[in-house]
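Here's a quick look at a ligand site and at some ring pairs elsewhere in the protein. Have the viewer open as you read.

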Amino acid sequence: MRANFPIVVMISGRGSNLEALLNAPEAQYYQTISVISDNADAPGLEHARRRNIPFTAFPRGSFESRAEQKAAIYRAVEELRPAAIVLAGFMQIVEAEFVQRHFGQLLNVHPSLLPEFPGLHTHERVLAFRDAERAAGRSRALQNGRMQHGATVHFVDAGMDTGPIISQAALSVADEDTVDTLAQRVLELEHRLYPWALGALARGLIKLEGRVVRYAPEAREEAKVRGFSLSACAP
Ligand code: GRF
């Protein structure tokens with residue numbers, strides 16, 4: 001089956017989510033037509049190179065200003081006319097104007113259960129929060145004494161990690177978890193969650209109406225089987 005859902009993946013670094021998106025069984029539903037990076041040395045570009053997927057880097061040093069760098073990136077993405085623009089460890093704030101133009105097409109994966117812990121260093125902050133809750137004798141934010149953490153795939157809006165949530169995958173933080181083990185465990189969730197969400201979007205099983213994410217029954221069933229949760233506000 002030839003995918004009819006061209007996507008552009010935007011990265012800045014390691015590219016493990018890009019690799020997962022390329023290797024997942026769900027990749028049959030979308031076609032990665034290009035990888036765009038703001039960093040010429042991003043190790044993740046290797047995944048594109050190996051598979052002969054066109055990729056372009058727009059390093060800051062090749063432009064007079066960050067604004068020009070961003071404008072060139074956005075132009076390149078738009079010329080490709082993708083059905084979805086997939087941020088996968090793209091470490092720049094995306095301009096509000098670009099976000100508005102592509103609202104509903106622009107996706108991101110974030111290493112926390114949004115709206116909790118937006119921004120950077122989520123694993124450190126989750127562990128610190130858990131420790132502070134325990135020290136204060138509070139258990140409100142804990143489930144059976146364990147903190148919940150995980151990954152979120154969401155549509156991007158102009159805020160910081162505030163766009164409509166598509167799907168989440170959760171885990172319980174173990175007492176022996178460190179920042180590194182937690183980062184690895186959450187990353188594994190991301191690698192399953194992102195291809196599924198994108199595949200469901202490509203198949204038309206997930207739709208955005210205004211800011212409400214709607215799910216076809218198949219999407220609900222598939223999410224349930226995989227242990228993913230869906231946006232609570234959708235009927
Ligand atoms: C992931 O943790 C993702 O949640 C965040 O950036 C990281 C990217 O990792 N947005 P990788 O480059 O995909 O390995």
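## Who lines the ligand

Sorted by class, the ligand's shell comes out as five polar, two charged and two nonpolar residues. Keep in mind that this is a predicted model. The residues around the ligand are R14, G15, S16, N17, G89, V109, H110, P111 and E190.

On the nitrogen side, a ligand nitrogen is 2.9 Å from a backbone N or O atom of V109.

## The pocket

Where does the ligand sit? The space it takes up is the largest pocket. Two elements, α1 (16–23) and β5 (106–110), each give two or more residues to the shell around the ligand.

## Ring pairs

Now for the aromatics: the count is four aromatic pairs. One of them is Y74 with F98, whose ring centres are 4.2 Å apart and whose planes meet at 15°, so the pair counts as stacked, the cut-off being under 30 degrees.

Y74 belongs to helix α3 (residues 66–79) and F98 to helix α4 (residues 96–101), so this pair ties together parts that are 24 residues apart in sequence.

Definitions and conventions
Residues are numbered from 1 along each chain as its sequence is written. This is a predicted model: local features need pLDDT of at least 70, side-chain atom pairs count only at pLDDT 80 or more; totals for chains, interfaces and linings use all residues. Side-chain values use heavy atoms; hydrogens and water are left out. A residue is near a molecule or strand if one of its heavy atoms lies within 4 Å of it. A polar contact is a pair of N or O atoms within 3.5 Å; within protein, one must be able to donate a hydrogen and the other to accept it, and residues adjacent in sequence count only if both atoms are side-chain atoms. On a 1 Å grid over the protein atoms alone, a cavity is a set of points where a 1.4 Å probe fits but cannot get out, and a pocket is an open set with protein on both sides within 12 Å along at least five of seven lines; lining residues have an atom within 4 Å of a point. A molecule sits in a cavity or pocket if more than half of its atoms lie within 2 Å of its grid points. Helices (H or I, at least four residues) and strands (E, at least two) are DSSP runs, numbered from the N terminus. Ala, Val, Leu, Ile, Met, Phe, Trp, Tyr, Cys and Pro count as nonpolar, Asp, Glu, Lys and Arg as charged, and the others, Gly among them, as polar. Rings of Phe, Tyr and Trp (its six-membered ring) pair if their centres lie within 6.5 Å; planes under 30 degrees apart count as stacked, over 60 as edge-to-face and the rest as tilted.
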